[in-house]
Amino acid sequence: QVVGQGCPNANFSSNNFSSWAGFTGTYTNPGQTPGIVNGQHTIMNAPAIDPFTCGGLNVIPPGGTVSARLGNSNTGAQGERLRYTMTVDNSNALFIYKYAVVLENPSGHASNEQPEFGVRILNQAGAQIGGNCGIYTVYGGQPGQNFQTCNGVTWLPWTTVGVNLQPFIGQTIQVE
């Protein structure tokens, strides 16, 4: 979820993926094929509990009315990506987003083989911006991340992050 007047549908409030670019691919290249794919990019607009969290996680963040889910419960090292492009101005220079993570934690996989979730904020040249809040990557069951466990699935509760984009006013950035 993203707040800001200069960010049309950044928080999925239109109940669709307008203004977003979707991609699918593999674990190693989730941006391989452009396009929104039903079942891999899903708008969540009704209150519900994620079925893989043993009743612990709402599919919509606290205070929100909609969210987007990436992924599905299929196997095969699938990957998905969403990308939002915006021009930074005074109305959106404080960029706030919320995320929750639900990932399998398959035994016998090294950390670099585990399912992962990531957020990146990139400048016009594709370089990461926003300091430590401009990038976040976590793999299923990663130690030190407060993962909860439910039947071989690990999950993180909703987290809110704010990024100061004032140094980038007038520039076009991307959020993945």
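Q: What makes Cys 54 count as exposed?
A: Cys 54 has 55% relative accessibility, so Cys 54 counts as exposed; buried means under 20% relative accessible area, exposed over 50%, and partly exposed in between, with a 1.4 Å probe and protein chains only. The model is predicted: local features need pLDDT of at least 70, side-chain atom pairs count only at pLDDT 80 or more, and totals for chains, interfaces and linings use all residues. Residues are numbered from 1 along each chain as its sequence is written, and side-chain values use heavy atoms, with hydrogens and water left out.

Q: Why are Cys 54 and Cys 150 called a disulfide?
A: A disulfide is a pair of cysteine sulfur atoms within 2.5 Å. The sulfur atoms of Cys 54 and Cys 150 are 1.8 Å apart, and the two residues form a disulfide. The structure holds 1 disulfide.

Q: What parts does the pair of Cys 54 and Cys 150 tie together?
A: Cys 54 lies in the loop between strand 4 (41-44) and strand 5 (67-70), and Cys 150 in strand 10 (residues 148-150), so the pair ties together parts that are 96 residues apart in sequence. Strands (E, at least two residues) are DSSP runs, numbered from the N terminus.

Q: Why is this disulfide called right-handed?
A: The torsion about the S-S bond of Cys 54 and Cys 150 is about 75°, so the disulfide is right-handed.

Q: Is Cys 150 buried or exposed?
A: Cys 150 has 6% relative accessibility and therefore counts as buried.

Conventions: Helices (H or I, at least four residues) and strands (E, at least two) are DSSP runs, numbered from the N terminus.
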